[in-house]
Amino acid sequence: MQLRIYWLLLVFSLLSLTSIAQEYTISGTLVDATERTPLESATVYAETIKDTTLITYTISDRKGNFELQFDTGLPALNLTISYTGYTSYSQKVTLDQQKIDLGNIDMDVMAEQLEDVVITASRAPITIKKDTLEFNVASFKTKKGANVEDLLKELPGVEVDAQGNITVNGKTVNKILVNGKPFFGDDPTIATRNLTKEIVDKIQVTDTKTDSEAFTGEAGDDENKTINITIDEEKNKGVFGRVAAGGGTDERFEYAGLVNYFDNDVRLSALAGGNNINSPGFSFGEIEKMFGNARYININQNGSFNFGGRSFGGGEGITNSRTAGVNYADDFGKETDLTVDYFYNGANSFNNETRNRENILPDNRFFSSTRTSTTSNNDGHSANVQFKTQIDSTFLINVRSGLDYNTGDSRFQNDEETRSVNGDLTNESSTIRNSEEDRTNFENRLTITNKIGAKGAFVRTRLENDMDRATGLDRLRSNTMVFGDDPQTINRNQLTDGEQNSNRFTLRGEARIPLLAEKFFLDLEYAYSDDTREDRQSVFDFNESTQEFTDFNLEQSTNFTNSNRSSRPEIGLRYNNEKLRVRLSAGYVFRTLASEDGLRDIDFSNDFNAVELGANVSYRFGPKLSIYSGYNLSNNAPSVSQLSPYVDVSDPLNIVQGNPDLDPSNQHRLYMGLNNYDFQTQTGLFSYVNASYGNDRVVAKTTVDENFVRNTTYANVDGFYSFNANVGYNKTKKLDSLRSIKYNVGMSYANNKAINFNNDVQYASRTTTLNPNVGIGFTWEDLFEIRPSYRFSYSNNTFDLDLFEDNTYVQHQLRLQTTTTYPKKLEWSNTVLYTYNPDVAPGFQNSSVFWNSSLAYSILQDKGLITLKVYDLLNQNTNASRSSTADYIQDVESTVLQRYFMLSFSYKFNTLGKKGETKDSSFFFN
């Protein structure tokens, strides 16, 4: 019934999109008043005369032309033009005709030009400064109490998905900064979902760069973006944050709190949280409004949550998690920055799983059944320090250090049996394993950059060191029985005392020599790396006489020292100007992999040398359109474990041995992308193509004997390739001051070929996938928002072995996300996902409806929020799934989080005031 109401509201709203406003067009050409040259990338915007409300805006093209298209019922408006280094231009425009041509508009250079400074441009909605796109937050309307993520969704060209992942004009945002500094590590959602719009002044978007690259003026990563959130200086002193707690049915609970103290350049933040609903909590980002909204939850059919690319719950069972952390940032003068953070996270998890698999061999089939039960307890501590100091205008030092300590224990119980196609039992095993582990990791990064002269030359030295140590105790009791013509029984009651140590050291030197000042450069680089790893596993069998673990088991014990040493010189050419960037590079890697076994005579040393190539080019046609492309040839050596002839018999039913004759693999990769965003029409188009081809890929090669015991080694194969392409289009239409509509369409395509083995028989598999999607969003400010979307998934797998059947899979997904904000203090949010799988096997449910819902009511002058939410309202979450590959068909069922209701309360506080003072506001109730 509720869904029908939303659809009726949507249809009624679309049919009522009429207005008495007329359509107008204002055009003109911007030129330098002295040089008479056109001005590209100037911001042109129209505001109301009464209260300077933004009506529309655009960016001038490379010929200086601009065109504003808008609907309004006003008789006149103010037109303002801003451009870096030029005095702002303002003009009152009377709307006495629908098409108004202002002709040439002369722009005067500022008397004292200050680079990247725009006078009276603080109201300009968008400003382009070299390679930075800057949004003025005040120009973009959001709902009351909006956070930064809500704000980003309103910015042209910016997309935010359900997990909080951000793209700008199709490019992934992989770094979020606050006033140019990290905010609680690498998770962007902690900043975007906890900082409110009201404290933000600007949102700046640039290509992702390191501090050293930004210092030298180098081009950034053309495939990724960085967002810098600048805090309004008038709201940069005080305390703000929120706290919350909730309890529900089935003993479900959650709690969290975040407190921030800002004092100009000083920033101190602390957080804590915990729950038993498979939510990652603050470790990876806050759920909307402290558990108050279902719309940020990305629903999987196994009941898991996905945040920042990490999955919680579902196949991992149910987790009781807890986290706490503190972050400190400060500037010591204008040239020195310090950021320090500490995190604690802990988790207690359990999962029961049943797995039934039909295994397909070239001349036979067999069936395996596995039942496992796992419980684990983990606690982790992480401390990080980032230090940056600029000695003078030519010398920069960056230091980054981190210390991690983790401790945990687990219990694993497994029962497995294998039967022939006739149902005869061929082998069975039972295992109980209790493990304890402590792990410490310490890493250091030192970068020293020295600029030379004013033509773009520099030298840079990077030193990296990672040290890792892990110790553990493992207690194993297992019974394995192999039947058939040569029956055997293997009983193990063992204690393993293990220790692993690794030490990786990398030294890298770079030099840039200008061949043409600030445009054409010769790049020289040399890198040396030494990675040494020690792995000692001492296995002791239980002695029945002494009733202790005293009998050393040489066959299963290890004492390896493995090393990976490489050196790599590289030479490159680079050309940069305002529109074009080109880079070419060639390197040669000298690599030696060696292994020493302290228990047996199987030492080896292999040399792997190879050429590596790289190239990329990007071109910006103007403020709207840019293209980029690149190619690289990389070389990957086999791992030491893949090379080692040591026979691993720790699992009697799965025996593994390396292959010392493996060759390194080469991979060719070519990519190309296009981004086109029209700020006037708020229309975006982007596309991306990526292709790769490989030789000598290392793959597992497994044979199965008559008792279905697996023996695995490794082999090189040729013929791998992959091709991926995607295209997306989005458009936002402002219907009037209250209503807007946004729609997007997209398509992704992939074609991949893989080479593998099935019981010593080589075969090729080809997979083709096609995923079109379409979505629409309609917003009526202060009333409701509705966002239906549809995704179709098609997958076709073919094989060159007659034994394997080609197969095709189709899936339909319809998602409906709604938010109702009327009456004013009440917010009702829903996420409904309908999934239909027509190709599932008989006996499996082929469709489901998964519905999360929340109802939130604001109290205490909108500082408090009472929320009732329900997870899986229709109780259809089962976590049973079927999957298939070339050589097996598998059914899996595991522990799943099921329907619950939860009531929670959250409270937010804010004493932020002008620079140097704070508002008179109570920390809690007032």
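## Lysine 701 and its sheet

Start with lysine 701, whose bridge partner in E39 is threonine 713. Behind that pairing are eight bridges between E38 and strand E39 (residues 710-717), with the two running antiparallel. This is a predicted model, where local features need pLDDT of at least 70, side-chain atom pairs count only at pLDDT 80 or more, and totals for chains, interfaces and linings use all residues. Residues are numbered from 1 along each chain as its sequence is written, and side-chain values use heavy atoms, with hydrogens and water left out.

Zooming out, four strands make an open sheet in the order E34-E35-E39-E38, with mixed pairing. Strand E34 (647-648) and strand E38 (697-704) are the edges: each has a single partner strand, so one side of each has no neighbour in the sheet. As for terms, two strands pair if DSSP finds at least two bridges between them; strands (E, at least two residues) and helices (H or I, at least four) are DSSP runs numbered from the N terminus.

## Charges over rings

Lysine 701 turns up again here, as its charged end sits over the ring of phenylalanine 757, 5.0 Å from the centre. Arginine 697 does something along those lines with phenylalanine 720: its charged end sits over that ring, 4.1 Å from the centre. To count, NZ of Lys or CZ of Arg has to be within 6 Å of the ring centre and within 35 degrees of the ring normal.

## Aromatic pairs

The structure holds 20 aromatic pairs. One of them joins phenylalanine 542 and phenylalanine 549, with ring centres 5.2 Å apart and planes at 65°, so it goes down as edge-to-face. Rings of Phe, Tyr and Trp (its six-membered ring) pair if their centres lie within 6.5 Å; planes under 30 degrees apart are stacked, over 60 edge-to-face, and the rest tilted. Phenylalanine 549 is partly exposed, at 29% relative accessible area.

Phenylalanine 850 and tyrosine 871 form an edge-to-face pair too, at 5.4 Å centre to centre and 80° between the planes. This pair links distant parts of the chain: phenylalanine 850 is in strand E46 (residues 847-859) and tyrosine 871 in strand E47 (residues 864-871), 21 residues apart. Both phenylalanine 850 and tyrosine 871 are buried. Here buried means under 20% relative accessible area, exposed over 50%, and partly exposed in between (1.4 Å probe, protein chains only). Elsewhere, Tyr57, Phe135 and Phe140 form one aromatic cluster.

Arginine 815 lies in strand E44 (residues 807-820), and it's buried, with a relative accessible area of 15%. Its C-alpha is 5.7 Å from that of proline 788, though 27 residues separate them in sequence.

Threonine 818 is in strand E44 as well and is buried, at 2% relative accessibility. From threonine 818 to proline 788 the C-alpha distance is 8.3 Å, across 30 residues of sequence.

## A nonpolar patch

Strands E27 (488-516), E28 (520-543) and E30 (558-576) each supply at least two of the patch residues, and E27 gives the largest share, three. Leucine 573 lies in strand E30 and is partly exposed, with a relative accessible area of 36%.
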